[in-house]
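Please study the structure before reading each solution.

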Amino acid sequence: MGDAVKAAHRAMWATGDYPALADEVIPDLGAELVRAAGIGRGQRVLDVAAGAGNAAIAAALAGADVVASDLTPELLDAGKAAAAGLGAKLEWQVADAEALPYADGEFDAVLSCVGVMFAPHHEATAAELVRVCRPGGTIGLLNWTPEGFIGRMFGVMKPYAPPPPPGAQPPPLWGRPEHVQALFGEHVAEVGFRREALRVDLFEKPGDFRDYFKSRYGPTISVYNRIADDPDKVAALDEALADLAREHDRGGPTLSMDWEYLLVTARRAG
Ligand SMILES: C[S@@+](CC[C@H](N)C(=O)[O-])C[C@H]1O[C@@H](n2cnc3c(N)ncnc32)[C@H](O)[C@@H]1O
């Protein structure tokens with residue numbers, strides 16, 4: 001991936017307020033991944049595309065020796081501040097998931113919570129996750145599914161988004177067991193897949209969800225920036241995002257949605 005594409009991705013994730021979103025909407029997912037991967041005291045753990053440390057901080061609080069790595073330094077800085085407030089000690093390093101700056105087999109466990117799915121070259125990323133995990137170590141991933149709410153949200157935004165860079169694959173494919181299995185192939189054993197859902201009760205109305213994402217979530221902000229000169233497109237996307245939330249509403253006095261994800265755990269073969 002060229003430097004310009006990387007710089008654009010970094011800028012996109014630094015836009016808005018992703019750390020607030022992670023803290024307010026999906027804080028349970030980091031801890032869920034850490035539990036599913038059996039992370040505990042004495043393990044050396046890498047969180048890839050860690051953002052502000054959703055999984056990394058949970059792993060450090062569970063007693064592991066943790067490195068949180070991400071493409072976007074602004075998110076790592078936010079994570080550093082949050083970790084200090086919680087008394088969690090861990091390292092924070094800028095790194096590209098497609099070319100990790102770590103030695104072969106350096107970690108007992110390699111995790112990513114709705115993270116590596118956003119690196120565009122899936123095979124390169126999967127190969128790096130396997131390479132830095134020691135044989136017998138654990139790989140744990142939590143990925144939004146294509147059919148779930150966030151996968152569908154990317155589908156709704158797609159007609160308004162710039163074309164993906166050449167060779168890039170769609171993020172929600174990482175939410176398909178067959179895709180993940182094909183990426184890791186014989187390099188992993190004891191692969192477990194679990195479909196789960198995150199209950200999201202934070203927004204009162206469908207429009208509240210949309211407006212929250214419009215001001216905080218980099219990928220949504222960048223799509224709106226691209227169509228800012230076209231009020232018809234803005235209105236159509238406004239409506240489509242609110243409709244998506246409406247469709248996922250479980251019913252009740254305020255909006256309540258389930259956002260599906262795939263939890264993957266595997267042992268590094270060899
Ligand atoms: C949805 S956020 C998830 C962050 C965090 N894991 C969490 O659970 O909140 C996606 C993250 O992927 C990171 N990212 C995107 N492309 C990346 C790449 N090529 N290498 C490393 N990180 C990347 C972004 O900077 C962002 O922090």
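In this predicted model, the second largest cavity has a volume of about 90 Å³.

**Exercise 1.** Determine which residues line the second largest cavity and how they divide by class.

*Solution.* Step one is to list the lining: Trp13, Tyr18, Leu21, Ile26, Val114, Phe118, Trp144, Ile150, Phe213, Tyr217 and Trp259. Step two is to sort these residues, which gives 11 nonpolar, no polar and no charged.

**Exercise 2.** Describe the largest cavity by its volume, its lining and its contents.

*Solution.* The structure holds two cavities of 30 Å³ or more, and the largest contains about 370 Å³ of space. Its lining consists of 28 residues, and Trp13, Ala49, Asp70, Gly115 and Phe118 lie nearest the centre. At least two lining residues come from each of helix H1 (3–14), helix H2 (18–24), strand E1 (44–48) and helix H4 (54–61). Sorted by class, the lining has 20 nonpolar, five polar and three charged residues. As to contents, the ligand takes up the space of this largest cavity.

**Exercise 3.** Which residues come nearest the ligand, and which polar atoms lie 2.9 Å from a nitrogen atom of the ligand?

*Solution.* The ligand has 20 residues around it, and Tyr18, Asp70, Thr72, Ala97 and Cys113 come nearest. This shell comprises 14 nonpolar, four polar and two charged residues. A ligand nitrogen lies 2.9 Å from a polar backbone atom of Ala49. The distance of 2.9 Å also separates a ligand nitrogen from a polar backbone atom of Ala97, and from a side-chain N or O atom of Asp96. Finally, the ligand taken alone exposes 600 Å², of which the protein buries 99%.

How values were computed
Residues numbered from 1 in each chain as written. Predicted model: local features only at pLDDT ≥ 70, side-chain atom pairs only at ≥ 80, totals over all residues. Heavy atoms only, no water. Near = heavy atom within 4 Å. Polar contact = N/O pair within 3.5 Å; in protein donor to acceptor, adjacent residues only side chain to side chain. Areas by Shrake-Rupley, 256 points an atom, 1.4 Å probe, with all protein chains shown as cover. 1 Å grid on protein atoms, 1.4 Å probe; cavity = no way out; pocket = protein on both sides within 12 Å on 5 of 7 lines; lining within 4 Å. Sits in = over half its atoms within 2 Å of the grid points. Nonpolar A, V, L, I, M, F, W, Y, C, P; charged D, E, K, R; others polar. Points joined across faces, edges and corners; volume = space filled by probe spheres on them. Helix = DSSP H or I, 4+ residues; strand = E, 2+ residues; numbered from the N terminus.
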